[in-house]
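Here's a quick briefing to read with the model open beside you. Take it topic by topic and find each residue as you go.

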Amino acid sequence: MTWTMDSVTDGIGMVLILFGALLCLTAAIGLLRFRDLLTRMHAATKPQVLGVLLVLLGVALSKESGLHIGMLLLVGVFQMLTIPVGAHMVGRAGFRTGQVAPSDVHLGPPADHAPSGKDADGGDATADEADGGEADGDDTDDAPSR
C-alpha cells in the first residue's frame, strides 16, 4: 500500500474529527451531570469550543478547495467569538438573579496584595507590618502631622 498525501491528510482529518466529536460528547455529558450553573457553563464552553475547532480542522484537512477552508475558518472564528461571550452573559444573568452565590465567585487576590507574603518592593510584608510600618515598605505617612 502506498501512502499518498491525500490519504495521510484524510487519516489525520478523521482522527481530529473523532477527537472533536468525543470532546463535544463529554461537553454534553457534563451538561447533564453537573448540578450548578457555573459548572454547567464550564462544561458547555471549554470542551465544546475545542471539540468544534478540532472537527473544523479535521474537515479542512480533507477538503482541498480554498472556498471550503475559508468558510470553515469563518465558522471557527465566529465560534471563538460568540461562545465565550454567551457563557459570560449566562454567568452574569445567573449571578444577578441569585442562582450563583457570591461565595462561589472567586475573583483572586486584590490588586494591592502581593502573592506569597512579599510586598511590591520584594521585602517581607509581615516584617514591615510588625515594626509598625505599612505593608508596601513605605514608612512615611501621607497625612500631615500635627
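Cys24 sits in helix α1; helices here are DSSP runs of H or I with at least four residues, numbered from the N terminus. This is a predicted model, where local features need pLDDT of at least 70, side-chain atom pairs count only at pLDDT 80 or more, and totals for chains, interfaces and linings use all residues. Residues are numbered from 1 along each chain as its sequence is written, and side-chain values use heavy atoms, with hydrogens and water left out.

**Around Cys24**
- Leaving out residues up to four places away in sequence, Cys24 touches Gln48, Gly51 and Val52 (contact means heavy atoms within 4.5 Å).
- Cys24 and Leu50 are 26 residues apart along the chain, and their C-alpha atoms are separated by 8.3 Å.

**α1 with α2**
- Helix α1 (residues 5-33) packs against α2 at about 165 degrees, with the axes 7 Å apart; axes are lines fitted to C-alpha atoms, for helices over the stretch in contact, and angles run from 0 to 180 degrees between N-to-C directions.
- The two helices α1 and α2 are therefore roughly antiparallel, a label for angles over 145 degrees.
- Their contact brings together 19 nonpolar, nine polar and two charged residues (Ala, Val, Leu, Ile, Met, Phe, Trp, Tyr, Cys and Pro count as nonpolar, Asp, Glu, Lys and Arg as charged, and the others, Gly among them, as polar).

**α2 with α3**
- Helix α2 (residues 37-62) and helix α3 (residues 66-96) pack at about 180 degrees, their axes 10 Å apart.
- That makes α2 roughly antiparallel to α3.
- The residues that meet include Leu37, Met41 and Thr45 in α2, and Ile69, Leu72 and Val75 in α3.
- Sorted by class, this contact of α2 with α3 has 15 nonpolar, five polar and no charged residues.

**The largest pocket**
- Which residues line the largest pocket? They are Met41, His42, Thr45, Lys46, Val49, Ile83, Pro84 and Ala87.
- The elements giving two or more residues to this lining are α2 and α3.
- Helix α2 provides the largest share, five residues.
- By class, the lining has five nonpolar, two polar and one charged residues.

Conventions
Parallel < 35°, antiparallel > 145°, perpendicular 65-115°, else oblique. 1 Å grid on protein atoms, 1.4 Å probe; cavity = no way out; pocket = protein on both sides within 12 Å on 5 of 7 lines; lining within 4 Å.
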